Amino acid sequence: MASGIELFTLKGRVALVTGAGRGIGFSFAKGLAAAGAHVVINDINADNANSAVESLRSEGLSAEAVPFDVTDNPAVAAAVDDIVARNGRLDILMNNAGILIRKPIETHDMDDWNKVIAINLSSLYGVARECARPMRAQKYGRIINTASVMAISSRPGVISYVAAKHGVVGITRGMASELGPDGITVNAIGPGYILTDMNKKVLGTGTFEQQVIDRTPLARWAEPDELQGAAIFLASEAGSFVTGHVLMVDGGMTANAFLTQSVDLGVAS
Ligand code: NAI
């Protein structure tokens, strides 16, 4: 078995990353490719998927675009068959595509609910189920689901997202239990607040942006590339005995139940 830094190489591995046309998915793809994998960039937005591939290739990395809607199961099944036919294998799935709807319960209607559950929860099962076919046959696989701090806690205005992300923990544990005997690990990464387009609406508006900083022990938002390390760890031999785990990469937010700045300790010093 390899040791030290060699544990983290992904040379020879083929990875599918969903929702990788931009944001966190793009950073995951870049990280896996830089560690040696051939990455398949999926996104519903074909232009963004193609630009992402161009950007990685311009850095000498190995990538191809396979755009599809993760909720369209026949398209997912066909894409997985194509990827395996072209590359001979599929080792890593980063189940990352997701959306967020911010609305209070009065206007957070069933269409909103169904959309968020379909993209953020049901599709993770659908895509993982298709990828598990070749992974089981080759007796090797790494499935990594994108969770959130909202997978183990909550805040007002994002009920469907909180429900979906809690479900991601359930899918992760359920699939880890069932697929482990075939050499497949299934884990989740729980990002804290990351500077991506998903948060465009709340960035620069003051209050919410600062509230995140006040609740985060590391006292800042994170860049998407700060999630790469967790992805490479779970996707490589370094994570060979880790399965069913949710790895929070949240600057300490979920370890902390209080404001971190200017805290009144409640005792005389
Ligand atoms: P983003 O909005 O920048 O990127 C999401 C990507 O998914 C987009 O390129 C979009 O086109 C794609 N996508 C959406 N629906 C799709 C579909 N049906 N099929 C295929 N692709 C689809 O968002 P971001 O921030 O990069 O989020 C990525 C993941 O990380 C999501 O699962 C999100 O819930 C999660 N996350 C994000 C956090 C943040 O602070 N940005 C924090 C915690 C979790």
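A crossing of two helices is right-handed if the near helix is turned clockwise from the far one by less than a right angle. That term applies to helices H1 and H2, whose crossing is right-handed. The model is predicted.

Start with this pair. Helix H1 covers residues 23-34 and helix H2 covers residues 46-58. They pack at an angle of about 30 degrees, and their axes are 11 Å apart. Angles under 35 degrees count as roughly parallel, so H1 is roughly parallel to H2. On the H1 side, the residues that meet H2 are Phe 26, Ala 29, Lys 30 and Ala 33. H2 brings Ala 52, Ser 55 and Leu 56. By class, this contact has 5 nonpolar residues, 1 polar and 1 charged.

Move on to H3 and H4. Helix H3 spans residues 73-87. Its axis and that of H4 come within 9 Å and cross at roughly 30 degrees. H3 and H4 are therefore roughly parallel to each other. Their crossing is right-handed. H3 makes the contact through Asn 73, Val 76, Ala 77, Val 80, Asp 81 and Val 84. H4 answers with Gly 126, Val 127, Glu 130, Cys 131, Arg 133 and Pro 134. The contact of H3 with H4 divides into 7 nonpolar, 2 polar and 3 charged residues.

H4 also packs against H5. Here H4 is residues 110-138 and H5 is residues 159-179. The two axes come within 8 Å and cross at roughly 15 degrees. That makes H4 roughly parallel to H5. H4 passes H5 in a right-handed crossing. From H4, the contact residues include Trp 113, Val 116, Ile 117, Leu 121, Leu 124 and Tyr 125. Asp 112, Arg 129 and Arg 136 of H4 also take part. From H5, they include Ile 159, Tyr 161, Ala 164, Val 168, Ile 171 and Met 175. Lys 165 and Glu 178 of H5 belong to the contact as well. By class, the contact of H4 with H5 has 16 nonpolar, 3 polar and 5 charged residues.

Now turn to the ligand. There are 27 residues around the ligand. Of these, Arg 22, Asp 43, Asn 96, Tyr 161 and Thr 196 come nearest.

Which atoms pair up at the ligand? Arg 22 places a polar side-chain atom 2.8 Å from an oxygen atom of the ligand. Asn 96 has a polar backbone atom 2.8 Å from an oxygen atom of the ligand. At Val 70, a polar backbone atom is 3.0 Å from a nitrogen atom of the ligand.

Notes. Residues numbered from 1 in each chain as written. Predicted model: local features only at pLDDT ≥ 70, side-chain atom pairs only at ≥ 80, totals over all residues. Heavy atoms only, no water. Axes fitted to C-alpha atoms, helices over the stretch in contact; angles between N-to-C directions. Helix = DSSP H or I, 4+ residues; strand = E, 2+ residues; numbered from the N terminus. Parallel < 35°, antiparallel > 145°, perpendicular 65-115°, else oblique. Contact = heavy atoms within 4.5 Å. Nonpolar A, V, L, I, M, F, W, Y, C, P; charged D, E, K, R; others polar. Near = heavy atom within 4 Å. Polar contact = N/O pair within 3.5 Å; in protein donor to acceptor, adjacent residues only side chain to side chain.
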